[in-house]
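Keep the viewer open as you read.

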Amino acid sequence: PVVEGAEVLTARHHKTLEKAAISPDRIKLVRSVERDEDLAPEFRRWGDRVLPAMEFTWQTVTGKTVHQIRLNNPITGKDGHEIRYLFGDGVSGLIGVDPAFADHQDDTRIPAMLVEGTKQFLAAASTLEDGQPSAVPFGIPGCWGWSSDEEPCDDLRAMALANRDVLVAFDADLQSNPMVFLAASRLKGYLEGEFLARSVRFLVIPGGAKDGLDDLLGRQPTPERRMEVMHNLI
């Protein structure tokens, strides 16, 4: 295994994150979980059904710390849908922040970029990190992750959005999946109508099916090229 600080990340997990264009500093914050007793308390009831897994730690706009696991092998939920990512019970909508952008989070002169997906958010933050970022990335766990019972969650309400340009990076299935399109339309309506965003634009991620920003950025050969592709999308 690859040892990162006090935590252990397996070589397989390290490669997955590296391939997703995530920076070494952010990879160090992820850990591999292979035994029941190493699961965070909120996941223990699942036992080894969800192992092995990667554990991510989200820092939210309102200052909460929330754990999430990504299963190596998805399980099927009661509704028949595949489950790859899991939060503990009681977690609904949240918006993640990246500490590297703390000074710019509330700067309405810089566009806010809402990025769907855990790895996608980390890839965007890794690419945009700069003393003068062209956009400030915020993470949404899924296309409805900004909502709690289909209404804006506390984190979205706490963001500095009035008179700010907002970019939204959903996966490529925005253009083919009606439920994802509905989530996007609903989010756009709230951003413009209730939170007074100056503009809302959706980045068009090339690729089919579930291609996300991490897939697109991960295909680029150098960090410079990733930055160029990101600026082009914006």
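This is a predicted model: local features need pLDDT of at least 70, side-chain atom pairs count only at pLDDT 80 or more; totals for chains, interfaces and linings use all residues.

Residues are numbered from 1 along each chain as its sequence is written, and side-chain values use heavy atoms, with hydrogens and water left out.

Along its principal axes, the C-alpha trace spans about 50 × 40 × 35 Å. A compact globule of 234 residues would have a radius of gyration near 17 Å, and the chain agrees because its own value is 17 Å; the radius is taken over C-alpha atoms, and the globule rule is 2.2 Å times the number of residues to the power 0.38. Of the 234 residues, 52% are buried, where buried means under 20% relative accessible area, exposed over 50%, and partly exposed in between (1.4 Å probe, protein chains only). Taking contact as heavy atoms within 4.5 Å, 64% of the contacts between residues at least 6 apart in sequence join residues at least 24 apart.

Now step inside. In soluble globular proteins, nonpolar side chains tend to be buried together. A nonpolar core here is a set of buried Ala, Val, Leu, Ile, Met, Phe, Trp, Tyr and Cys residues joined through side-chain atoms within 4.5 Å. The largest one has 62 residues, and I95, L114, L156, F170, L191 and L213 touch the most other members. Several elements each supply at least two residues of this core, including β4 (53-60), β8 (112-116), β12 (165-169) and α5 (178-193). A separate core of 13 residues lies apart from it, with F43, W46, I75 and I83 among its members. If you centre on I95 and leave aside its neighbours within four places in sequence, you will find contacts including L114, F138, W146, L156 and M159.

Which residues form the aromatic pairs? The structure holds five such pairs. One of them is F170 with F202: the ring centres are 5.9 Å apart and the planes are at 80°, so the pair is edge-to-face. (Rings of Phe, Tyr and Trp, the last by its six-membered ring, pair if their centres lie within 6.5 Å; planes under 30 degrees apart are stacked, over 60 edge-to-face and the rest tilted.) Because F170 sits in the loop between β12 and α5 and F202 in strand β13 (residues 199-202), the pair ties together parts that are 32 residues apart in sequence. F170 counts as buried because its relative accessibility is 1%, whereas F202, at 24%, is partly exposed. Elsewhere, ring pairs link W58, F87 and F121 into a cluster.

F170 also brings us to E116, a residue of strand β8 whose contacts, sequence neighbours within four places aside, include F170, D171 and K210. E116 counts as buried, with 5% relative accessibility, and its side chain reaches the backbone nitrogen of D171 at 2.9 Å.

Finally, look at the backbone. Most residues other than glycine have a negative phi, and most peptide bonds are trans. A cis peptide bond joins L51 and P52, with omega about -5°; P52 lies in the loop between β3 (31-33) and β4. A21, in the loop between α1 (11-19) and α2 (24-27), has a positive phi of about 65° although it is not a glycine, and A21 is buried at 2% relative accessible area.

Note on methods. Helices (H or I, at least four residues) and strands (E, at least two) are DSSP runs, numbered from the N terminus. A polar contact is a pair of N or O atoms within 3.5 Å; within protein, one must be able to donate a hydrogen and the other to accept it, and residues adjacent in sequence count only if both atoms are side-chain atoms.
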